[in-house]
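Please keep the sequence and the 3D view open as you read.

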Amino acid sequence: MKELPIPESARNDLNSIEVLRVWVAHQQQHVSLKIGVWNDPAAYGLLLCDLARHFANAYQQEQGLDFDATLARIRAGFDAEMNYPTDMPKGGIVEN
């Protein structure tokens, strides 16, 4: 298992809450998530946009790719998957 480090600001905030983990295992995506942090589901849309920008920023820093072009490529992938899903969510709620 190759877990990512917890951001320092999350370590320092006693009220921090993890809302998403995504793993690639057995060549498939596996997700743990927490809903209810925000009442309006649109807030998770904002989270997804912020994540896309973080990925574009990382590609820019690590591979020198253009931020805007990378973000556009991420959005193209997002739109393609939203319009023509290659997979549907499976599983259920597991209490922790």
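Predicted model: local features only at pLDDT ≥ 70, side-chain atom pairs only at ≥ 80, totals over all residues.

Residues are numbered from 1 along each chain as its sequence is written, and side-chain values use heavy atoms, with hydrogens and water left out.

**The chain**

The chain holds 3 helices and 2 strands, where helices (H or I, at least four residues) and strands (E, at least two) are DSSP runs numbered from the N terminus. The C-alpha trace spans about 40 × 35 × 35 Å along its principal axes. Of the 96 residues in the chain, 7% are buried; buried means under 20% relative accessible area, exposed over 50%, and partly exposed in between, with a 1.4 Å probe and protein chains only. Among contacts (heavy atoms within 4.5 Å) with a separation of 6 or more, 9% join residues 24 or more positions apart.

| Helix | Residues | Length | First to last C-alpha | Expected span |
|---|---|---|---|---|
| Helix 2 | 42-63 | 22 residues | 31 Å | 32 Å |
| Helix 3 | 67-83 | 17 residues | 24 Å | 24 Å |

In helix 2, the buried residues are Ala 43, Tyr 44, Leu 47, Ala 52 and Ala 56. They pack against strand 1 (20-25) and helix 3. After helix 2 comes Gly 64, with a positive phi near 75°.

How do the two helices meet? Their axes come within 9 Å and cross at roughly 135°, with axes taken as lines fitted to C-alpha atoms, for helices over the stretch in contact, and angles running from 0 to 180 degrees between N-to-C directions. Helix 2 is therefore oblique to helix 3; angles under 35 degrees count as roughly parallel, over 145 as roughly antiparallel, 65 to 115 as roughly perpendicular and the rest as oblique. On the helix 2 side, the contact is made by Leu 48, Ala 52, Arg 53, Phe 55, Ala 56, Asn 57, Tyr 59 and Gln 60, and on the helix 3 side by Phe 67, Thr 70, Leu 71, Ile 74 and Phe 78.

Now look at Thr 70, which sits in helix 3. This residue is buried, with a relative accessible area of 9%. Leaving aside neighbours within four places in sequence, Thr 70 is in contact with Ala 56, Tyr 59 and Leu 65. A polar atom of the Thr 70 side chain lies 2.7 Å from the backbone oxygen of Asp 66. Asp 66 also caps the N-terminal end of helix 3, with a side-chain oxygen 3.2 Å from the backbone nitrogen of Asp 68.

**The loop between the strands**

Finally, turn to the loop between strand 1 and strand 2 (28-33), where His 26 lies. Phi of His 26 is near 55°, a positive value in a residue other than glycine, and His 26 counts as exposed at 77% relative accessibility. Gln 27 is found in this loop too. Its phi is near 60°, again positive in a residue other than glycine, and Gln 27 is exposed, with a relative accessible area of 80%.

Key: Polar contact = N/O pair within 3.5 Å; in protein donor to acceptor, adjacent residues only side chain to side chain. Expected span 1.5 Å × (residues − 1).
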